[in-house]
Amino acid sequence: MRVIIQENYDKMCKWAAALICDRINAHKEDRPFVLGLPTGSSPIGVYKELIAKNKAGEVSFKNVVTFNMDEYLGLPHEHDQSYWYFMHDNLFDHLVDMKSENINILNGMTDDPEGECARYEEKIASYGGIDLFMGGIGVDGHLAFNEPYTSLTSRTGVRDLTTDTRIVNSRFFGNDPEKVPAKALSVGIGTVCDSKEVLVLISGHNKARALAAVVEGGVSQKWTCSALQMHNGAYIACDEEACGELTVDTYKYFLDIEKKERL
Ligand code: GLP
């Protein structure tokens, strides 16, 4: 697992967007480039960069198929807190050449959640798997909606959200945790780990404990993102603020070994 420490959130986003564009532009196979995407505050700066680069003609999404990580169960597309709405509002509606038929987001209004999740896995497989999965992380280390103690080999399925996560996400629901759906559909840790490359964004003081656990702790289902320690193409892009709980030697090690990546 590589850890790329940037000075601040903006630089972290610029670095992550450059990596994504690099990979899309380097993709020469006949099949489309398959990109996994997250929601949340963390990727917003990356999406702004991708939109700017797409408009400037530096990257095309014509041959890109996307799969989102997760969706709340019970929220319709038009709900402004659905992840479908978030993705269109923050990314897809602004790209000049993204094809709507290439966008895949779990349907939170399905009457067959298990079937919906099984079909999602099949569809990912039908494209030959995911080339690059970008993710964010919860303060408790969750990746997608794989809360602490979700199996590290889990596949796409229905997830119960913890009270902690509902409290954290209540900032988008009028600060009322009861208004945050109690369940979600989410890709599994196994689904993410099957991707050729994984890029997780970790920004801000509130993620410092999670970053330290994921990088310095052992592989543990308590911090589900720690499964990436076993992945041969995993990047964590973080900012200085998120490094507050790393030991000094870990921090110095990654600054040294990744100094070429520093913007
Ligand atoms: C939600 C999402 C996660 C996301 C996390 C962190 O719980 N399901 O995929 O990574 O929030 O969000 P933020 O980037 O806003 O801190």
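The model is predicted, so local features need pLDDT of at least 70, side-chain atom pairs count only at pLDDT 80 or more, and totals for chains, interfaces and linings use all residues. Residues are numbered from 1 along each chain as its sequence is written, and side-chain values use heavy atoms, with hydrogens and water left out.

The largest pocket holds about 700 Å³ of space. Here a pocket is an open set of points on a 1 Å grid over the protein atoms alone, where a 1.4 Å probe fits, with protein on both sides within 12 Å along at least five of seven lines; lining residues have an atom within 4 Å of a point. The volume is the space filled by probe spheres set on the points, which are joined across faces, edges and corners. Among the 36 lining residues, T39, G40, S41, N169 and R171 are the closest to the centre.

The second largest pocket has a volume of about 170 Å³. Its lining includes R2, W15, E49 and Y235.

Turning to the cysteines, zero disulfides are counted, a disulfide being a pair of cysteine sulfur atoms within 2.5 Å. For C13, the nearest cysteine sulfur belongs to C238 and is 12 Å away. C13 is buried, with a relative accessible area of 2%; buried means under 20% relative accessible area, exposed over 50%, and partly exposed in between, with a 1.4 Å probe and protein chains only. C117 is likewise in no disulfide, and the nearest cysteine sulfur, from C193, lies 18 Å away. C117 is buried too, at 1% relative accessibility.
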